[in-house]
Amino acid sequence: DNWVEVNEGLPTMSILTLAVAASGDLFAGAFGYVAISRDNGDTWQAMSDGLDGTNITALAVQQSGQIFAGSAGDGVYRNAIVLTGVEHEDESIPATFLLKQNYPNPFNPGTTIHFSLEQSAYVEMDIYDLLGRHVRTLVNEKRMAGSHAAVWNARDQFGRTVASGQYFYRLKVGGKSLTRAMLLLR
């Protein structure tokens, strides 16, 4: 009778493991998926790029803040994001919906795309080729207000590497969308 469901932002799937950082951040792991909650489980954000098809069965957080994900048969993964105790990098809420230029650009083999939300919203970020064909979905979930980043490893929806050339990334939030170009050089 005392349990409360806290799945806001988590996809419908079996959560296989949970971990807590010294900062109080919570982590949930599942098949091909790791999520973080910085508000005691009220909302969750995906942080799964690079884990496609990986069955995450264990999570651990070092005192330094690095996150490790153990998988069934695929090894151990470390997240490059280092958590910094109770204080988070950017706690301010931006005043507007913003899509920044990817960095690095041109890039090889991967690039990071930063965006900001003035309020919690359902977010879609997709990659398109020069002919307008859909290449990959990077984000397709509800995100909290604040600054976010998505990483693209120059692979399509099926994990295949894509050719050199110009690509476009589009961020859709509600009825608004922003698009920018980027260049992959192999």
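Q: Why is V6 called partly exposed?
A: In this predicted model, V6 has a relative accessible area of 32%. Buried means under 20% and exposed means over 50%. The value for V6 lies in between, so V6 is partly exposed.

Q: Where is V6 in the chain, and what is V6 in contact with?
A: V6 sits in the segment before β1 (17–20). Leaving aside neighbours within four places in sequence, V6 is in contact with G41 and W44. V6 and T43 are 37 residues apart in sequence, yet 7.4 Å apart in space, C-alpha to C-alpha.

Q: What makes W152 buried or exposed?
A: The relative accessible area of W152 is 0%. The cut-off for buried is under 20%, so W152 is buried.

Q: How do you know whether Y167 is buried or exposed?
A: Y167 has a relative accessible area of 6%. That value is also under 20%, so Y167 is buried.

Q: Why do the rings of W152 and Y167 count as a pair, and of what kind?
A: Their centres are 5.4 Å apart. The limit for a pair is within 6.5 Å, so the rings pair. Their planes stand at 65 degrees. Over 60 counts as edge-to-face, so this pair is edge-to-face.

Q: What does this pair link?
A: It links distant parts of the chain: W152 is in strand β12 and Y167 is in strand β13, 15 residues apart.

Q: How many aromatic pairs are there, and which residues form the cluster?
A: The whole structure holds two aromatic pairs. F107, W152 and Y167 form one aromatic cluster.

Q: What makes up the largest nonpolar core?
A: This core has 23 residues. M125, I127 and W152 have the most contacts inside it. The elements giving two or more residues to this core include β10 (121–129), β12 (146–152) and β13 (165–173). A second, separate core has eleven residues, among them F27, I36, L51 and L59.

Q: What does I127 touch?
A: Not counting residues up to four places away in sequence, I127 touches residues including I113, L138, W152, Y167 and M182.

Q: How many helices and strands does the protein chain have?
A: The protein chain has zero helices and 14 strands.

Key. Residues numbered from 1 in each chain as written. Predicted model: local features only at pLDDT ≥ 70, side-chain atom pairs only at ≥ 80, totals over all residues. Heavy atoms only, no water. Core = buried A, V, L, I, M, F, W, Y, C linked by side-chain atoms within 4.5 Å. Buried < 20%, exposed > 50% of the residue type's maximum accessible area, 1.4 Å probe, protein only. Helix = DSSP H or I, 4+ residues; strand = E, 2+ residues; numbered from the N terminus. Contact = heavy atoms within 4.5 Å. Phe/Tyr/Trp six-rings, centres within 6.5 Å; stacked < 30°, edge-to-face > 60°.
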